[in-house]
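Please open the structure in your viewer and keep the selection tool at hand. The tour goes from one selection to the next and says what is found at each stop.

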Amino acid sequence: MDYDKGGKEKDTYTESEVEQVSCPFCRTDKFRNLYTERGALGVVRCLGCGLIYVNPRLKNPEKVYWGEAEKYFDEAKLIFYGKAKHHRDQNYLEDLKRIKQYKPSGRFLDIGTNMGFFLRMAKGGSWDLYGVEPSPSLSELARKYFGLNVKTAYLEAAGFESNYFDVITLTDVFEHIADPGKMLNEIKRILKPDGVLFIKVPNGLFNLFKLKLAQLTGRLKNYDLFDSYEHVVHYSSSLLEKMLKKHGFKIIDQDIGSPIQLPVWHNYVGSYYQYPSPWRLDYKRQTARRLLFYLSKIEFYLSGKRVGYLAPNIIAIARKES
Ligand SMILES: [Zn+2]
């Protein structure tokens, strides 16, 4: 069913909307094709370093988020008015609790603030909150409705002082970044020597697992396994660790966060409302996500804290290498 949405993504892309890119990590041009999504988006594995990334990819994948403010507002108005929860609020609280264990106060920067749903949950504590978000409409909504201190800019153009932040977060953002090395260099510059970097990304191996399962059961649809119109890199925990290491960070803790229970309102009403959907409307998927999450935790601890194929996401807490 078609529904009105805030984002500007399309169901099908043509050759003229995409570009060929080399591996975002090792810059190799040799790759193996794994899958094609939405007409012209390729999911490939780099033959140099093993990274799964999107090639060809959209020319400016972040601009999918440059939709109209009114449409974004409509998808979340009850949240802006304080009358409904966001479907990710439980995930946000879990993330903040974890960050607090490492850095309970100080300057806190959320990169890719979106409409401020994550950052708003950190209000009222001992952190001094900052956001940076390139989408003009999303950053405007975050300032207007949540009173957040959000700059409309790409991180590299935001002009933050060196050694300024105690906490920097990338919550479901890093996988959208086409040049992750460049971003990590800037984070290294603005993070204090004892500061903490929190990264949460979808688990690329889980996407591979879903792809295999879909191929085996003959249920392969032509899009939405990898969300590759917006997710341009699909990290495994080992590739994420290698990338952080190359740019001067060391991981001090790794874990798996609870799955995101995506709302299903758009299947019933004409809008992608961001409120949690009632269990009975989506109990099969909600239960499956929970079950896989528990299995992934078992897999994680049995393998000596390695994020395997069943985990919905990867959480890495890192510090600057001294
Ligand atoms: Zn590579």
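Begin by selecting strand 4 (residues 52-54) together with strand 11, which pair in the antiparallel sense over two bridges; strands here are DSSP runs of E with at least two residues, helices are runs of H or I with at least four residues, and both are numbered from the N terminus. Two strands pair if DSSP finds at least two bridges between them. Within this pair, Ile 52 has His 234 of strand 11 as its bridge partner. This is a predicted model, in which local features need pLDDT of at least 70 and side-chain atom pairs count only at pLDDT 80 or more, while totals for chains, interfaces and linings use all residues. Residues are numbered from 1 along each chain as its sequence is written.

A residue is buried if 20 or more other C-beta atoms lie within 10 Å of its own, exposed if 12 or fewer, and partly exposed in between.

Move on to strand 7 (residues 126-132), where five of the seven residues are buried, so this strand is largely enclosed by the rest of the structure. Strand 6 (residues 105-111) runs parallel to strand 7 and is joined to it by seven bridges, with Ser 105 opposite Ser 126. Strand 8 (residues 150-151) also pairs with strand 7 in the parallel sense, over two bridges, and here Gly 131 stands opposite Val 150.

Then select helix 9 (residues 283-302), whose 20 residues reach 29 Å from first C-alpha to last, close to the 28 Å expected at 1.5 Å a residue, where the expected span is 1.5 Å times one less than the number of residues. After helix 9 comes Gly 304, with a positive phi near 75 degrees.

Finally, show the whole protein chain, which has nine helices and 13 strands.
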